[in-house]
Amino acid sequence: MSLGRVLALDVRRHAAARPRALAVRDAAGDHTWAELDRLADLAAAGLQAAGVAPGDRVALVATPSAGAIALLVAIGRTGAVAVPIGTRLARPEVAAAVAATRPALLVHDPDLDALAAGHGVPALQPAALVA
């Protein structure tokens, strides 16, 4: 079983056992296991609607946050493979990572449009996946 699947199952298990317990604290505030699980479900549905299939790679360029964790969980729930790419990399380094991993989709923080665009891969912001 992949690490992504294990993470997805663990979040689901914690959400069922302790839905109101703190799962993640980030700049936006505190997030419960139930919130994280619900956000991951929405993002997984958005990934599938965007054409992501089991075995596909999904690149993620995002700062640490509850949303980024939910996306990692969502990627695991779809059976895809997460390709985390550091937000501090220079554009040529991101291009090299994308070329080496050939993701089906690149998901990026809104303030990283310039870093994520132009790599020959469809790119979306997280909000587009949960709309």
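Reader: Is R77 buried or exposed?
Author: This is a predicted model, and R77 sits in helix α3. The cut-off for buried is under 20% relative accessible area. R77 has a relative accessible area of 14%, so it counts as buried.

Reader: Okay, which residues is R77 in contact with, leaving aside its neighbours within four places in sequence?
Author: Contact here means heavy atoms within 4.5 Å. With those sequence neighbours set aside, R77 touches R5, A8, V11, R12, D37, A40, D41 and A44.

Reader: How are α1 and α3 oriented to each other?
Author: Helix α1 covers residues 3–17 and helix α3 covers residues 66–78. Their axes are 7 Å apart and the packing angle is about 110°. Angles of 65 to 115 degrees count as roughly perpendicular. The α1 and α3 pair is therefore roughly perpendicular.

Reader: And which residues of α3 make that contact with α1?
Author: The crossing of α1 and α3 is left-handed. On the α1 side, the contact is made by G4, R5, L7, A8, V11 and R12. By class, the residues of this contact are five nonpolar, two polar and three charged. From α3 come L72, V73, G76 and R77.

Reader: What about α1 against α2, roughly perpendicular or oblique?
Author: The α1 and α2 axes come within 8 Å of each other and cross at roughly 135°. That angle makes α1 oblique to α2.

Reader: Which α2 residues make the contact with α1?
Author: α1 passes α2 in a left-handed crossing. The α1 side of the contact is V11, R12, H14 and A15. The classes in this contact are five nonpolar, one polar and three charged residues. The α2 side is W33, A34, L36, D37 and D41.

Reader: How far apart are the end C-alpha atoms of α2?
Author: Helix α2 runs over residues 33–49, which is 17 residues. At 1.5 Å a residue, α2 should span 24 Å. That agrees with the model, where the end C-alpha atoms of α2 are apart by 24 Å.

Reader: How many of the residues of α3 are buried?
Author: The buried residues of α3 include A66, L71, V73, I75 and R77. Helix α3 is largely enclosed by the rest of the structure, because of its 13 residues the number buried is ten.

Reader: Which residue just after α3 takes a positive phi?
Author: Just after α2, G51 has a positive phi of about 100°. Just after α3, a positive phi of about 85° is taken by G79.

Conventions: Residues numbered from 1 in each chain as written. Predicted model: local features only at pLDDT ≥ 70, side-chain atom pairs only at ≥ 80, totals over all residues. Heavy atoms only, no water. Axes fitted to C-alpha atoms, helices over the stretch in contact; angles between N-to-C directions. Helix = DSSP H or I, 4+ residues; strand = E, 2+ residues; numbered from the N terminus. Parallel < 35°, antiparallel > 145°, perpendicular 65-115°, else oblique. Left-handed = near helix turned anticlockwise from the far one by under 90°. Nonpolar A, V, L, I, M, F, W, Y, C, P; charged D, E, K, R; others polar. Expected span 1.5 Å × (residues − 1). Buried < 20%, exposed > 50% of the residue type's maximum accessible area, 1.4 Å probe, protein only.
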